[in-house]
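Open the structure in your viewer and keep the sequence panel beside it. The stops below each begin with a selection.

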Amino acid sequence: MRIPLAALGTLCISMTAACTGPVNQPTRFGQVSPSEFRQPLPEPPLHQAANAANPSSVLSQLLSSVQTAKFQIVGTEMAPRVQGQIGAQVYHLDGALTIKAPALELQPWNDPISAAPVADIVGRGDFIMVGSTVYERANTFTEWQRSTVDDPYWGVFADINPALWKSSPSLHILGEASIDGSPVWVLELTNQFGRQFKAWIRKKDGYPLRYTATWVNAKGSTYYTNALYRTFNSAIEITMPDMLNRGIAGPGVPVVLPSGSVTVTDVEFDCSGTIARRPAPHDKFVLVTLAVVDEGTGEVLASPEVWRLYGDGVNGAAPIDTGSPGILRTQTLSPGNQVSGAVVFEVPEDAYQLMVVGHLAGATAVMNAGLPMLPNGTQACP
């Protein structure tokens, strides 16, 4: 999820220390407390080395000894606060990387408002780097966007991969330190945009243990990205994502398939069910009517089994068979044919803001099911 670069208050913060003063000093409305932006991971004490290693040799040892790594990011990002103010929050994000064939993948971001996990509809992260190409998306329901490691914003995350670290005149050793009892060299590097970052490299084997970088938004507000490396040289493969998701379509908007289209034509509640099946207590049925059209030269499969429902209180609900004559039955359409039928899901009665997702041949159809929030005190199934 791309972190918005909105305006924030003036900060007095540096790479290694924040402003002095009371950390809990109250601020007036509209102001931001500098304590919210304090470095979430204090740096280990730095000591000058009497006989410092050659920094290029340290980097060469890393690149020859590490093939893959897993890591966790601990960073700061903007976050909304009460009364419409903007503050900051600490986030945690897992990832993995490969060095010999440069690639990196970050797991899906949590919801920026509730900090709840976001549904993962395809089992991939929201940021993937393969070679010099970056694939990123706002969340798992939206389409992928392409950029490159030349993007100065995404470069903060791309630089977590030591495959991009280059020996240059700006590469030097700041000193030595200790992480979890292991002596480390502390390197300072500069990427192609002139942004400096630090890396802590274990002396005994050249493994990276930590990465720290800052990024500054257009208004001069500073945020931190720290990566803690672990689990080296395990079997990891990172490939480019499929580009089948073309974004979220609203009701009545066709999603184009290789040989046709599929459209959500109606969404309704059903609190009664049928003789064959009724909703459980405090549940409701959601009927999503789909129109599937074969208007190309090949066959189109129309099947309820490829569809799942997501939303508030719903995470990948599978379709059910209520025995209704109007539900969609599995069939293969020939060119020129079409079919319409309902796919039925059982969900909690207070579920809302639903998305229906179909994993189809040649396309991932993501469509807004369009169910509104109900007023407080109103029950969907009285």
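The tour follows a predicted model, stop by stop.

**Stop 1: the five-stranded sheet**

Select strands S12, S22, S21, S17 and S18. In that order they form an open sheet with mixed pairing. The edges are S12 (245–249) and S18 (314–317), each of which pairs on one side only. From one strand to the next, the twist averages 15 degrees.

S22 then meets S21 (residues 352–360) in the antiparallel sense, through six bridges. Methionine 355 is bridged to asparagine 368 of S22. Now select glycine 362, in the hairpin of S21 and S22: two residues lie between the strands, and glycine 362 has a positive phi near 85 degrees.

Glycine 311 has valine 314 in S18 as its bridge partner.

**Stop 2: threonine 364**

Return to S22 (residues 363–368), the strand that holds threonine 364. Is threonine 364 buried or exposed? Its relative accessibility is 6%, and buried means under 20%, so threonine 364 counts as buried. The strand around it is mostly covered, with five of the six residues of S22 buried.

Show the contacts of threonine 364. Leaving out residues up to four places away in sequence, they are Ile121, Leu244, Asn245, Arg246, Val357, Gly358 and His359.

**Stop 3: the nonpolar cores**

Select Phe71, Phe157, Ile160, Trp165, Tyr211 and Tyr229. They belong to the largest nonpolar core, which has 49 residues, and they touch the most other members. Strand S8 (residues 182–190) gives the most to this core, five residues. Another core, of 30 residues, lies apart from it; Val264, Ala302, Leu333 and Val356 are among its members. As background, nonpolar side chains in soluble globular proteins tend to be buried together.

**Stop 4: aromatic rings**

Show the rings of Phe, Tyr and Trp; with centres within 6.5 Å as the criterion, there are nine aromatic pairs. Pick phenylalanine 197 and tyrosine 211. The ring centres are 5.2 Å apart and the planes are at 45 degrees, so this pair is tilted. Phenylalanine 197 is in strand S9 (residues 196–202) and tyrosine 211 is in strand S10 (residues 208–216), so the pair ties together parts 14 residues apart in sequence. Both phenylalanine 197 and tyrosine 211 are buried.

Next select Phe127, Trp154 and Phe157, which ring pairs link into a cluster.

Lysine 203 has its charged end over the ring of tryptophan 185, 4.1 Å from the ring centre. Arginine 210 has its charged end over the ring of tryptophan 200, 4.6 Å from the centre.

**Stop 5: glycine 131**

Finally, select glycine 131, in the loop between strand S4 (127–130) and strand S5 (133–136). With 32% relative accessibility, glycine 131 counts as partly exposed. Which residues does glycine 131 touch, not counting residues up to four places away in sequence? They are Pro102 and Val149.

Key: Residues are numbered from 1 along each chain as its sequence is written. This is a predicted model: local features need pLDDT of at least 70, side-chain atom pairs count only at pLDDT 80 or more; totals for chains, interfaces and linings use all residues. Side-chain values use heavy atoms; hydrogens and water are left out. Helices (H or I, at least four residues) and strands (E, at least two) are DSSP runs, numbered from the N terminus. Buried means under 20% relative accessible area, exposed over 50%, partly exposed in between (1.4 Å probe, protein chains only). Contact means heavy atoms within 4.5 Å. A nonpolar core is a set of buried Ala, Val, Leu, Ile, Met, Phe, Trp, Tyr and Cys residues joined through side-chain atoms within 4.5 Å. Two strands pair if DSSP finds at least two bridges between them. Axes are lines fitted to C-alpha atoms, for helices over the stretch in contact, and angles run from 0 to 180 degrees between N-to-C directions. Rings of Phe, Tyr and Trp (its six-membered ring) pair if their centres lie within 6.5 Å; planes under 30 degrees apart count as stacked, over 60 as edge-to-face and the rest as tilted. A charge sits over a ring if NZ of Lys or CZ of Arg is within 6 Å of the ring centre and within 35 degrees of the ring normal.
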